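The sequence and the structure come first.

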Amino acid sequence: MSVAWQQFATTVWQIVSESAFWVIASLVVGGLVHEFLPSSRFRELLNRKGQGAMLGAILFGAILPICSCGVIPLAISLYRSGVRLGPVMAFAAATPIINPAAVIMSLALLGPQITLAYVTLGLVLPYCLGLIVERWGTPLSAESVAETPDCCSGTPVCESTVTPASSAGLVSRIAAGLRWGIADLGPTIAFYMTLGVLLAGLIAAFLPPAWVDSYLRESTGTALLAAGVFGASIYVCAVAHIPLVASLLATGAAPGISIVFLVTGTATNLPELVALYNTIGRRTVVMYAASLIVGAMLAGVIVNAWLLPGFEPVFDPVRSLDLVDAGERLQPTIGNVLSLVSTAGLVALAGFGTWRWVALRIRRRSTAGGSDDSCCSG
Amino acid sequence: MDGSAATQAPGGLQRLEELNLLSAALVEKAGLGSTPAHEFRIEARMYRELLRQTMLNNRAQSTSDQLPQHLLLDMVRMSALLHSAADCKTGFVITCPADLMLQLKSQQSRVTQGLKMIQMMRE
């Protein structure tokens, strides 16, 4: 097997194994959210006009240690539960960008100025992004929820968008929530994630790392765009990504490039974008990705203007090492066995989702009257 | 400068050279694709603790005998990168993505260069 294909296989495995536990956990929580949220007063709170819900979603996301793949099921279940699009997408962006462990690691390895820019951007960018998608994105209307079961027969994730009954007992509601999360939403998410993971694997295998590395050391507009697009396509978690960015910064990368690569790298990735594109809506996701990249680039320009020329992060090495330790301790670690079991579970869900997708296509062809466009897409 | 500080200064540099050899071996192991993850993690932790001890000893030296901060910071970054590499597992072995491998090698050569510079200056 050639080196490129080995790299492809390694990348695919890494994305799946690193994100599997969080995706499964998020499916479980997402299922419960979908079951209980529509009938609770919390949904009214989240849908209240004004900016409170958006700020709450961002702050809640900022304390969760979930990566950009793990946040997908939770974001989709919030969306399918009727929460406003703005807070949902702001939550989806804020959760992977920023968390306490990442902020401490950033302070330890990137210095106070870049950390200040990172935290500010991690809070402001999701807010702006939420405003943009809420204004111009495609919300899940009451009509579409009501019409979904007829138009989407065969895709259970859509059938279940109908508000669940709140009169059933607690145990049966928990079971219904888990069934929706794992059996309905899970295969759909896992299928679309698989497409994104394969794409990300191809990029990692065939894009020369030296080319990316040399681009990240420039500070031109093209380099900022390259850092944004490349960052948005790869899968990384904030805590693991920061040492890499610190190394780039130490070897001459512009601080603006570092912040763009850090924020777009952690905020999103191809598996997430493909999954959201096919479940939340095309226009919304294009807007989400474009705003993220453009917003990060603008921030990169501002950071370069602020810190260049002559920026060199200087701090006490002992304190820096202590902070790195503290950041790593805050980041939850998943044991080998749990990780392998979750990976097997996610692969099984992806297999089931693929089978379901193929079966639906065959059924549509055989009836010959169906449209190729899924109503699940926006 | 007292006598004890004078004798401790080369010791600190020698310890950094040993740490550099350890990190070079770990970078090589990270690229093999067959290193047991638990073994790598233990060695990466050992690197960090030895580095911490060396830096604490260095703090006790007089200012003129202290090791350069930029070199120590480079080794702190090396330690963080090694810890990231320890998290890149395929089952029970370490397999690093290409971009992380590139940064590991680049950081390793940066530390080696820094050490060479200090040796030349002290000679």
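## A proline in a loop of chain A

A:P309 sits in the loop of chain A between helix 16 (282–307) and helix 17. Helices here are DSSP runs of H or I with at least four residues, strands are runs of E with at least two, and both are numbered from the N terminus. The peptide bond that joins A:L308 to A:P309 is cis, with omega at about -5 degrees.

The model is predicted: local features need pLDDT of at least 70, side-chain atom pairs count only at pLDDT 80 or more, and totals for chains, interfaces and linings use all residues. Residues are numbered from 1 along each chain as its sequence is written, while chains are lettered from A and ligands numbered from 1 in the order in which they are written.

## A glycine in another loop

A:G111 lies in the loop between helix 6 (100–109) and helix 7 of chain A. A:G111 counts as buried because it has 20 C-beta neighbours inside 10 Å. The cut-offs are 20 or more other C-beta atoms within 10 Å for buried, 12 or fewer for exposed, and anything in between for partly exposed, with C-beta atoms placed from the backbone.

The C-alpha atom of A:G111 is 6.9 Å from that of A:V314, although the two residues are 203 apart along the chain. Apart from neighbours within four places in sequence, A:G111 is in contact with A:P313 and A:F315. Contact means that the C-beta atoms of two residues, placed from the backbone, lie within 7 Å.

## Chain A as a whole

Chain A contains 18 helices and zero strands. Of its 378 residues, 52% are buried. When contacts in chain A between residues at least 6 apart in sequence are taken together, 90% join residues at least 24 apart.

## Helices 7 and 14 of chain A

Helix 7 (residues 112–136) and helix 14 (residues 255–267) of chain A pack at about 45 degrees, and their axes are 11 Å apart. The pair is therefore oblique. Axes are lines fitted to C-alpha atoms, for helices over the stretch in contact, and angles run from 0 to 180 degrees between N-to-C directions. Angles under 35 degrees count as roughly parallel, over 145 as roughly antiparallel, 65 to 115 as roughly perpendicular, and the rest as oblique.

Helix 7 of chain A crosses helix 14 of chain A in a right-handed sense; a crossing is right-handed if the near helix is turned clockwise from the far one by less than a right angle, and left-handed if anticlockwise. Helix 7 of chain A contributes A:I114, A:A117, A:Y118, A:L121, A:G122 and A:L125 to the contact, and helix 14 of chain A contributes A:P255, A:S258, A:I259, A:L262 and A:V263. Nine of the contact residues are nonpolar, two are polar and none is charged. In this scheme Ala, Val, Leu, Ile, Met, Phe, Trp, Tyr, Cys and Pro are nonpolar, Asp, Glu, Lys and Arg are charged, and the others, Gly among them, are polar.

## Chain B and its helices

Chain B has four helices and two strands, in the order α-α-α-β-β-α from the N terminus. Its C-alpha trace spans about 55 × 25 × 15 Å along the principal axes. Of the 123 residues in chain B, 41% are buried.

Helix 2 of chain B has 23 residues and reaches 33 Å from its first C-alpha to its last, close to the expected 33 Å. The expected span is 1.5 Å times one less than the number of residues. Buried residues in helix 2 of chain B include B:F40, B:A44, B:Y47 and B:L51. In helix 4 (residues 98–122) of chain B, the 25 residues should span 36 Å, and the end C-alpha atoms are 36 Å apart, which agrees. Among the buried residues of helix 4 of chain B are B:L100, B:L104, B:V111 and B:L115.

## Where the chains meet

The interface has 25 residues of chain A in contact with 31 residues of chain B. Helix 1 (3–36), helix 11 (209–215), helix 13 (238–250) and helix 17 of chain A each supply at least two residues to the chain A side. Helix 13 of chain A gives the most, with seven residues. The chain A side divides into 15 nonpolar, eight polar and two charged residues.

Helix 17 (residues 317–330) of chain A packs against helix 2 (residues 37–59) of chain B at about 150 degrees, with the axes 9 Å apart. The two helices are therefore roughly antiparallel. Their crossing is left-handed. A:P317, A:V318 and A:L321 of helix 17 of chain A meet B:R48, B:L51, B:R52, B:M55, B:L56 and B:R59 of helix 2 of chain B. Six residues of this contact are nonpolar, none is polar and three are charged.
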